[in-house]
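Subject: Handing over a structure, with notes on what was found

Dear colleague,

I am passing this structure on to you, and below it you will find my notes. Please read them with the model open beside you.

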Amino acid sequence: MATKFQSASGLKQVRGLGSAKSGVHHWWLQRVTAVGTFALALWFIASLILLPSLDHGSVVAWIGQPLVAVPLLLLTVSVFWHARLGSQVLIEDYVHSEGLKLLAVVALNFFNLGVGAIAVFSIARIAFGA
Amino acid sequence: MASSRPLSPHLSVWKWRVHAITSITHRITGNGLAFVGLALFAWWLAAAATSKEAYETFLSVATSPFGWLVWVGLSWFFFQHLLSGIRHLLMDTGWGYELGVAKASATWTFVGSVLLTALFWGAVLFGRGAF
């Protein structure tokens, strides 16, 4: 009779029934958004150095270009997503009461999505010339 | 939370090493950037999108002595988090767990972040000469 293979973490755990409920999804997205943020943030920093001025006219004219607005939007999504995932781990590691932990993670999501929405809307408003 | 689960008897016996400092610094810089950095990023964009006056208000705070201190701090936070983040990604591939390599890479994140911060401000001040 063949021995049945029994892995320490069976497929059902990895597929979302383990204690974390979502397997490596959070870990993987943290890495994907890290790489996206890495590339786009370097472009952003280099652009800030190269801009002739950071006064209102220069900044609005710069963001108004499609080839600036689009990567800036991508950077915003990537960096806010990355930040949300990272701060969630901070809360999960240090807030031990389950109720407070839940509240803190919900508050983090509201803060992160709220501030992120302001950033996205502002870029769009400049890009569409309002 | 009381628990009858067995605990390692030596969890409290440890000392600070550069690896541990790099690790906690990655967390502190990441969360500093996540809250202070992203709030200022959104304020900068919102001010630019709102009006010239709103942008002037942002600039007056951003170029105050405290504002400069925050920018220098955040720029170091960024480069430090960037380098310790690259170290994280490399270690995800299985690289750098030998004692000497782990210690050297942890140390170099600090050396590199100070150098990059200095380079960044050098480029800003000598390139544009202003904010």
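I begin with a salt bridge, that is, a side-chain nitrogen of Lys or Arg within 4 Å of a carboxyl oxygen of Asp or Glu: the side chains of Asp93(A) and Arg27(B) form one, at 2.7 Å from N to O. This pair crosses between chains, running from helix α4 of chain A, where Asp93(A) lies, to helix α1 (residues 18-50) of chain B, which holds Arg27(B). Helices here (H or I, at least four residues) and strands (E, at least two) are DSSP runs, numbered from the N terminus. Asp93(A) counts as partly exposed because its relative accessibility is 37%, and Arg27(B) is likewise partly exposed, with a relative accessible area of 21%; in these notes buried means under 20% relative accessible area, exposed over 50%, and partly exposed in between (1.4 Å probe, protein chains only).

Before going further, please keep in mind that this is a predicted model, in which local features need pLDDT of at least 70 and side-chain atom pairs count only at pLDDT 80 or more, while totals for chains, interfaces and linings use all residues. Residues are numbered from 1 along each chain as its sequence is written, chains are lettered from A and ligands numbered from 1 in the order in which they are written, and side-chain values use heavy atoms, with hydrogens and water left out.

How many salt bridges does the rule find across the interface of chain A and chain B? There are two, and the other one I can describe joins the side chains of Arg31(A) and Asp92(B), again at 2.7 Å from N to O. Arg31(A) is buried, at a relative accessible area of 17%, whereas Asp92(B) is partly exposed at 33%. Over all chains, the search of the whole structure finds three salt bridges. Because Arg31(A) lies in helix α2 of chain A and Asp92(B) in helix α3 (residues 65-92) of chain B, that pair joins two chains. Within chain A, Glu98(A) and Lys101(A) also meet in a salt bridge, at 3.5 Å from N to O, and both lie in helix α5, three residues apart, about one turn of the helix. Here Glu98(A) counts as exposed at 57% relative accessibility, while Lys101(A) counts as buried at 18%.

Turning to the interface as a whole, 41 residues of chain A are in contact with 32 residues of chain B, where contact means heavy atoms within 4.5 Å. The area buried between the two chains is about 2900 Å², with carbon and sulfur atoms giving 73% of it; buried area is the accessible area (1.4 Å probe) that two parts lose on being put together, summed over both. Of the area that chain A buries against chain B, Ile49(A), Leu54(A) and His56(A) supply 21%, more than any other three residues.

On the side of chain A that touches chain B, at least two residues each come from α2 (25-50), α3 (56-63), α4 (66-94) and α5 (98-127). The helix that gives the most to this side is α4(A), with 12 residues.

As for the fold of chain A, it has five helices and zero strands, and buried residues make up 35% of its 130 residues. The UniProt annotation "transmembrane region", from an unreviewed entry, covers residues 32-53, 59-81 and 102-128 of chain A; such annotations may be inferred rather than shown by experiment, and UniProt positions are given in the numbering used here, with feature names shortened. In the model, residues 32-53 of chain A are 86% helix and 0% strand, with end C-alpha atoms 33 Å apart, and residues 59-81 are 91% helix and 0% strand, with end C-alpha atoms 24 Å apart.

For chain B, UniProt places the feature "transmembrane region" (unreviewed entry) at residues 28-46, 58-79 and 106-126. Residues 28-46 of chain B are 100% helix and 0% strand, and their end C-alpha atoms lie 26 Å apart.

Finally, one residue of chain B: Phe110(B) sits in helix α4 (residues 99-127) of that chain and counts as partly exposed at 21% relative accessibility. Apart from its neighbours within four places in sequence, Phe110(B) is in contact with Val18(B), Ile21(B), Thr22(B), Thr25(B), Trp76(B) and Gln80(B).

With best wishes
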